[in-house]
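Here is a short briefing on one chain. Please look over the sequence and the 3D structure first, then work through the points below.

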Amino acid sequence: MQVQNTIDVGRVIKRRRHELQLSQRDLADRHGTTQKWISLVENGKDGVSMGQVLRLLKTLELRLEITPPGEPIETVKNSNRLASIIDRHR
């Protein structure tokens, strides 16, 4: 999925949470935050910490890829590599 804004990020996170059959509270507990913060992220609210969102993606076993416009987007079968991508860019 191409992500253009915070609303798109929130939709991806919510979809994945549903796939894992987690409530917002379950995800908040697993991530170490509040249910309210999860709700803010899922609703695409601006002002949430990018670092926290990246850690949330890792908690959900999602990976973030960034490609220039016009470049093909690779299909990834194994989405457990977010940690290694983040580590390479530290």
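What percentage of the 90 residues of the chain count as buried? The figure is 26%. The model is predicted. The chain holds five helices and zero strands.

**Overall layout**
- Read from the N terminus, the elements run α-α-α-α-α.
- Take the contacts between residues at least 6 apart in sequence: 44% of them join residues at least 24 apart.

**Nonpolar core**
- The largest nonpolar core has 12 residues.
- Its members include I13, L22, L27 and A28.
- W37, I38 and V41 also belong to it, as do V53, L56, L57, L60 and L62.
- Helix 2 (24–31), helix 3 (35–42) and helix 4 (50–59) are the elements that each give two or more residues to this core.
- In soluble globular proteins, nonpolar side chains tend to be buried together.

**Helix 3**
- Which residues of helix 3 are buried? They are W37, I38, V41 and E42.
- Viewed down the helix axis, the buried residues of helix 3 fall within an arc of 135°, so they line one face of the helix.
- The cover over these buried residues includes helix 1, helix 2 and helix 4.
- W37, I38 and V41 are also members of the largest nonpolar core.
- Just after helix 3, G44 takes a positive phi of about 70°.

- R17 lies in helix 1, which spans residues 6–19.
- Is R17 buried or exposed? R17 is buried, because its relative accessible area is 6%, and the cut-off for buried is under 20%.
- Leaving out residues up to four places away in sequence, R17 touches L22, S23, Q24, L27, E42 and L60.
- E42, another partner of R17, is one of the buried residues of helix 3.
- The side chains of R17 and H18 are joined by a polar contact of 3.4 Å.

**L22**
- Setting aside neighbours within four places in sequence, L22 is in contact with R17, L27 and R30.

How values were computed
Residues are numbered from 1 along each chain as its sequence is written. This is a predicted model: local features need pLDDT of at least 70, side-chain atom pairs count only at pLDDT 80 or more; totals for chains, interfaces and linings use all residues. Side-chain values use heavy atoms; hydrogens and water are left out. A nonpolar core is a set of buried Ala, Val, Leu, Ile, Met, Phe, Trp, Tyr and Cys residues joined through side-chain atoms within 4.5 Å. Buried means under 20% relative accessible area, exposed over 50%, partly exposed in between (1.4 Å probe, protein chains only). Helices (H or I, at least four residues) and strands (E, at least two) are DSSP runs, numbered from the N terminus. Contact means heavy atoms within 4.5 Å. A polar contact is a pair of N or O atoms within 3.5 Å; within protein, one must be able to donate a hydrogen and the other to accept it, and residues adjacent in sequence count only if both atoms are side-chain atoms. The arc is that of the directions from the helix axis to the C-beta atoms.
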